[in-house]
Amino acid sequence: VLMIAESCAREWPGTTAVDYLASFPQKRAEDALISIAKNKDAAAYWNAINGLAQRRNRLALGPLREAAADQDPERRTRERRAFAIRALSSLRDYPEAREILNNALNDSDPGIRQCAELALKGAVAGQKELPHCSGRAYPN
């Protein structure tokens, strides 16, 4: 899986392999996620960020903070923000993540507010689809 993820991280077929890396406890898997997450243009960038969040690696906090606050009308911001809130659920023990999630409780979008509430309760960690907290698994 590691070889496939590293060799295909720039292409769509490799993104699934990157998803699996989060479930491997070895340091090599985490190092691969970190390496992929350094390239924002990689097809598997958000997969790697999500994997780091699942592993409770605080390196995911910066990109997830940006995604949670994204208001750019040129992007699908609701999907991006919902993704960030879901991923931050895995990091909710970090004060920075809790602050982002608490701020999202006051979001203008009721779906984001509900997603944040579920994330703070730990109800969305690892789940890709929930009412009012759904959309694509990974934002573009």
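This is a predicted model: local features need pLDDT of at least 70, side-chain atom pairs count only at pLDDT 80 or more; totals for chains, interfaces and linings use all residues.
**Exercise 1. Is Phe83 buried, partly exposed or exposed, and at what relative accessibility?**

Residues are numbered from 1 along each chain as its sequence is written, and side-chain values use heavy atoms, with hydrogens and water left out.

*Solution.* Start with the scale: buried means under 20% relative accessible area, exposed over 50%, and partly exposed in between (1.4 Å probe, protein chains only). Phe83 has 2% relative accessibility, so Phe83 counts as buried.

**Exercise 2. Find the aromatic pairs and say which residues the ring pairs link into a cluster.**

*Solution.* Rings of Phe, Tyr and Trp (its six-membered ring) pair if their centres lie within 6.5 Å; planes under 30 degrees apart are stacked, over 60 edge-to-face, and the rest tilted. This rule gives two aromatic pairs.

- Take Tyr45 and Trp46: with ring centres 5.0 Å apart and planes at 75 degrees, the pair is edge-to-face.
- Next, Trp46 and Phe83 have ring centres 5.4 Å apart and planes at 80 degrees, so this pair is edge-to-face.
- Now place the second pair: Trp46 sits in helix H4 (residues 45-54) and Phe83 in helix H6 (residues 77-88), so the pair ties together parts 37 residues apart in sequence. Helices (H or I, at least four residues) are DSSP runs, numbered from the N terminus.
- Check accessibility: Tyr45 is buried at 4%, and Trp46 is buried at 11%.

Put together, ring pairs link Tyr45, Trp46 and Phe83 into a cluster.

**Exercise 3. Describe how H7 and H8 meet.**

*Solution.* Two packed helices are described by the angle between their axes and the distance between the axes. Axes are lines fitted to C-alpha atoms, for helices over the stretch in contact, with angles from 0 to 180 degrees between N-to-C directions. The axes of H7 (residues 95-104) and H8 come within 8 Å and cross at roughly 145 degrees. Now list the contacts (heavy atoms within 4.5 Å): Arg98, Leu101, Asn102 and Ala104 in H7 meet Ile112, Arg113, Ala116, Ala119 and Leu120 in H8. The residues of this contact divide into six nonpolar, one polar and two charged.

**Exercise 4. Where is Gly122, and which residues does Gly122 touch?**

*Solution.* Gly122 is in the segment after helix H8 (110-121). At 24% relative accessibility, Gly122 counts as partly exposed. Leaving aside residues up to four places away in sequence, Gly122 touches Ser89 and Arg92. Finally, compare separations: Gly122 and Ser90 are 32 residues apart in sequence, with 7.4 Å from C-alpha to C-alpha.

Definitions and conventions: Helices (H or I, at least four residues) and strands (E, at least two) are DSSP runs, numbered from the N terminus. Ala, Val, Leu, Ile, Met, Phe, Trp, Tyr, Cys and Pro count as nonpolar, Asp, Glu, Lys and Arg as charged, and the others, Gly among them, as polar.
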